[in-house]
Amino acid sequence: MNQPALAEQIRACFQRATDGFNGLTVNHGSSTEFFNPEWPGFSDDDQEIEADESITF
């Protein structure tokens, strides 16, 4: 079961099967690999988020 490429193959499968993921941890034997969130077409730099200060509570 020594498959060094297994974690990357699982990440690639998630990318093909879904629109993205919020993070992915792959445990295999004594190996653990974490992949950061990936959302194709989304970049923090592309988003301009501003607070709506007209809302009151």
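Modeller: I begin with Glu33, which counts as partly exposed at 33% relative accessibility. This is a predicted model, in which local features need pLDDT of at least 70 and side-chain atom pairs count only at pLDDT 80 or more, while totals for chains, interfaces and linings use all residues. Residues are numbered from 1 along each chain as its sequence is written, and side-chain values use heavy atoms, with hydrogens and water left out.

Biologist: Why is Glu33 called partly exposed?

Modeller: Buried means under 20% relative accessible area and exposed means over 50%, with partly exposed in between (1.4 Å probe, protein chains only). The 33% of Glu33 lies in between, and therefore Glu33 is partly exposed. Gly23 has a relative accessible area of 29%, so Gly23 is also partly exposed.

Biologist: Where are Glu33 and Gly23 found?

Modeller: Glu33 is found in strand S2, and Gly23 in the loop between H1 and S1. Helices (H or I, at least four residues) and strands (E, at least two) are DSSP runs, numbered from the N terminus. The protein chain has 1 helix and 2 strands, in the pattern α-β-β along the sequence.

Biologist: What makes S1 and S2 a pair of strands?

Modeller: Two strands pair if DSSP finds at least two bridges between them. S1 and S2 (residues 31-35) are joined by 5 bridges, so they pair, and they run antiparallel. Within S2, Glu33 is the bridge partner of Val26, and Ser31 that of His28. The hairpin has 2 residues between the strands, and Gly29 takes a positive phi near 65 degrees there.

Biologist: Which residues does Glu33 touch?

Modeller: Contact means heavy atoms within 4.5 Å. Leaving aside residues up to four places away in sequence, Glu33 touches Ala7, Leu24, Thr25 and Val26.

Biologist: What makes Ala7, Phe21, Leu24, Val26 and Phe35 a nonpolar core?

Modeller: A nonpolar core is a set of buried Ala, Val, Leu, Ile, Met, Phe, Trp, Tyr and Cys residues joined through side-chain atoms within 4.5 Å. Ala7, Phe21, Leu24, Val26 and Phe35 form such a set, so they are called a core, and with 5 residues in all this is the largest one.

Biologist: How does the span of H1 compare with the expected value?

Modeller: The expected span of a helix is 1.5 Å times one less than its number of residues. H1 (residues 6-17) has 12 residues and reaches 16 Å from its first C-alpha to its last, close to the 16 Å expected.

Biologist: Which residues of H1 are buried?

Modeller: The buried residues of H1 are Ala7, Arg11 and Ala12. They cover an arc of only 135 degrees around the axis, which puts them on the same side of H1; the arc is that of the directions from the helix axis to the C-beta atoms. Arg16 and Ala17 are exposed on the other side of H1. S1 and S2 are included in what covers the buried residues of H1.
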